[in-house]
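Here are a few friendly notes to read alongside the model. Please keep the viewer open as you go through the points.

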Amino acid sequence: MMRVVADGETGTGTVQFSELLGALSHALDLTEGQPAGHCVRATWIGFQIGRQMGLPELQLWELYHTVMLKDLGCSSNAARICELYLSDDLSFKRDFKTVSDSLPKVLGFVFSHTGLKAGLAERFRAVLNILQNGGAIVDDLIQTRCQRGAEIARALRFPPAVCGAIHALDEHWNGGGRPDRLAGPAIPLYARVALLAQVVDVFHTAAGRAAALAEVRARAGTWFDPQVVACFEAVAAEPGFWEMLASPEVEAAVFALAPRSPIVVDEDYLDDIARAFAQIIDAKSPFTSGHSERVAVYADLVAAELGYAPEQRRWLRRAALLHDIGKLGVSNAILDKNGKLDDAEWQDMRNHAALSETILARVAAFHEMARIGGGHHERLDGKGYPRGLKGPEIAPETRIVSVADVFDALTADRPYRKAMPVEKALGIMRTDVGAAFDPDCFAALERAIAGLEAGLPGMRAAA
């Protein structure tokens, strides 16, 4: 079993703290509609600026993780964006990062991203609402994202300086940003650096270094702290800066830069990481609120019935919490659709399992969890996805999570139907035992649910 250690520690069977969070940051890139590695590349940029400023090691560590985890709250406003703009949240978020304060550009963005697939009257109402109430709408969207990001950073034991900077990511030097209209030095330094690093990576990835430099210079003194801009200009002129930013080696370089972590990385902390990212996953859609946590509970109950040891159950709970991390790469226009998905939408939905595996496989500590993330929609009869695995090809732990996942999906509200009663859900699943579900896992689930129901009178009386 891999052991996660503080940056700077070494040894066989270990993985660095920065590597773990860097791998999971790829999930944040997905839900922001950014090319893979955006948060890592922004960290490269921000860290170089921090060194140019002469920040001491602890402040560099705080800056490093502010930029790496700047998008922790990004999933929390996705459903609202789809609802208000009648748009795909992924492309909306991706393109919104390129919009300046220019009124023509803002209006152009609104018209080009609102209700393109809606009827004329519905699109007209949506555009009119945004034009009339746009300021309040954006205030609410950014406040939701920033507040949630800071809360998750606190849950991950980051200090107030990091949490406050994540909350202030979208503040602008001239006071025109959000959520609190902070201006000048009142904006946390790490937030000032993170915002600039974000913009540099977005424009560099899309259009090259000249475009990135032009955008930074155009926003100096309005969006960006002039001192931060000057430090960026200095590091951007250093040999190899742009080459490394565009290199496949940038991730390894970023992990090598990580200052030693003051956070104690123990088994409890790994639980905290899994729980925090489960909250990010479930915040993507109102219909998945609490889903990952409930799947983890049901999977743990099944594992207990099957005689798994406590340490195995703890590992399985983490895997269950993270099994749907690939859903961060699925648009809410699909996740929240009240109706049948078309073929393209269904393919995007099915792709979430492969995305889960790709993200979790990026870090050695989660390789076995990656197998569960990628296989929790496989069936014993080979009719599942994404690989069509059969029988013995599906690991026992994956079978446990599959049973727990389907049971929760059936007994929770979905866009296209209300939650089913427990007995009806179990009855539907029972018809697929041996074809979709492992008989032993399903029997263990039934025993666990029966035990829960038997305990309900006592719980009610205690309440």
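1. The aromatic pairs come to a count of 13, where rings of Phe, Tyr and Trp (its six-membered ring) pair if their centres lie within 6.5 Å, with planes under 30 degrees apart called stacked, over 60 edge-to-face and the rest tilted. One of them joins Phe-232 and Trp-242 edge-to-face, at 6.1 Å centre to centre and 85° between the planes. This pair links distant parts of the chain, 10 residues apart: Phe-232 belongs to helix 11 (residues 226–236) and Trp-242 to helix 12 (residues 241–245). Helices here are DSSP runs of H or I, at least four residues, numbered from the N terminus.

2. Trp-242 also pairs edge-to-face with Phe-241, at 5.1 Å centre to centre and 85° between the planes. Phe-241 and Trp-242 are both buried, as is Phe-232; buried means under 20% relative accessible area, exposed over 50% and partly exposed in between (1.4 Å probe, protein chains only). Trp-44, Phe-232, Phe-241 and Trp-242 make up one aromatic cluster.

3. Have a look at Arg-219 too, which lies over the face of Trp-223 at 4.1 Å from the ring centre. The rule asks for NZ of Lys or CZ of Arg within 6 Å of the ring centre and within 35 degrees of the ring normal.

4. Thr-66 sits in helix 3 (residues 57–68) and counts as buried because its relative accessibility is 1%. Beyond its neighbours within four places in sequence, Thr-66 contacts Val-162, Ala-165, Ile-166, Tyr-190 and Ala-194, a contact being heavy atoms within 4.5 Å.

5. On provenance: this is a predicted model, where local features need pLDDT of at least 70, side-chain atom pairs count only at pLDDT 80 or more, and totals for chains, interfaces and linings use all residues. Residues are numbered from 1 along each chain as its sequence is written, and side-chain values use heavy atoms, leaving out hydrogens and water.

Technical notes. Helix = DSSP H or I, 4+ residues; strand = E, 2+ residues; numbered from the N terminus.
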